[in-house]
Amino acid sequence: MKKTGRWKEQVVSALEIPPDLAYNETIITLTGPMEILIENYRSISRYTPSEIVILSLRGKVTICGKNLEILWYTSSAMKVKGKISAIYPQKCVG
């Protein structure tokens, strides 16, 4: 691990900052099979009734299902409803 990465990790740990805030991680909250909340995303790449692809800071997240609909979204969070069958997080390599 890089020296700067270890330093940041030590500061985050010492200050007891949640990792999702410190590293801008995407947070996915699934409420049953019908609703999902996504926080800390960058943009929407694809939006169809059967697939929504969201770009995050570290990769992309694909949501598959039926009758998918974005109920609302802001610059940092969105709520999706529909019959959710799968969620695929994919980390960018590089």
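I began with Asn 67, which lies in strand β5; helices (H or I, at least four residues) and strands (E, at least two) are DSSP runs, numbered from the N terminus. The model is predicted, so I kept to its rules: local features need pLDDT of at least 70, side-chain atom pairs count only at pLDDT 80 or more, and totals for chains, interfaces and linings use all residues. Residues are numbered from 1 along each chain as its sequence is written, and side-chain values use heavy atoms, with hydrogens and water left out.

**Backbone angles**

I noted that Asn 67, a residue other than glycine, has a positive phi near 55°. Most residues other than glycine have a negative phi. I recorded Asn 67 as exposed because its relative accessibility is 64%; buried means under 20% relative accessible area, exposed over 50%, and partly exposed in between (1.4 Å probe, protein chains only).

I then looked up Asn 40, which is not a glycine and has a positive phi of about 60°. I found Asn 40 in the loop between β2 (35-39) and β3 (41-47). Asn 40 counts as partly exposed because its relative accessibility is 22%.

**Tyr 73**

I placed Tyr 73 in strand β5 (residues 59-73). Tyr 73 counts as exposed, because its relative accessibility is 57%. Leaving aside neighbours within four places in sequence, I listed Tyr 41 and Met 78 as in contact with Tyr 73; contact means heavy atoms within 4.5 Å. I also noted Leu 37, 36 residues from Tyr 73 in sequence and 9.6 Å away in space, C-alpha to C-alpha.

**Whole chain**

I counted 2 helices and 6 strands in the protein chain, in the order α-α-β-β-β-β-β-β from the N terminus on. Buried residues make up 26% of the 94 residues.

pLDDT is the predictor's confidence in each residue, from 0 to 100. Confidence is highest in β5, at 95, and lowest in helix α2 (residues 19-22), at a mean of 58. Where pLDDT is low, the predicted coordinates should not be read in detail.
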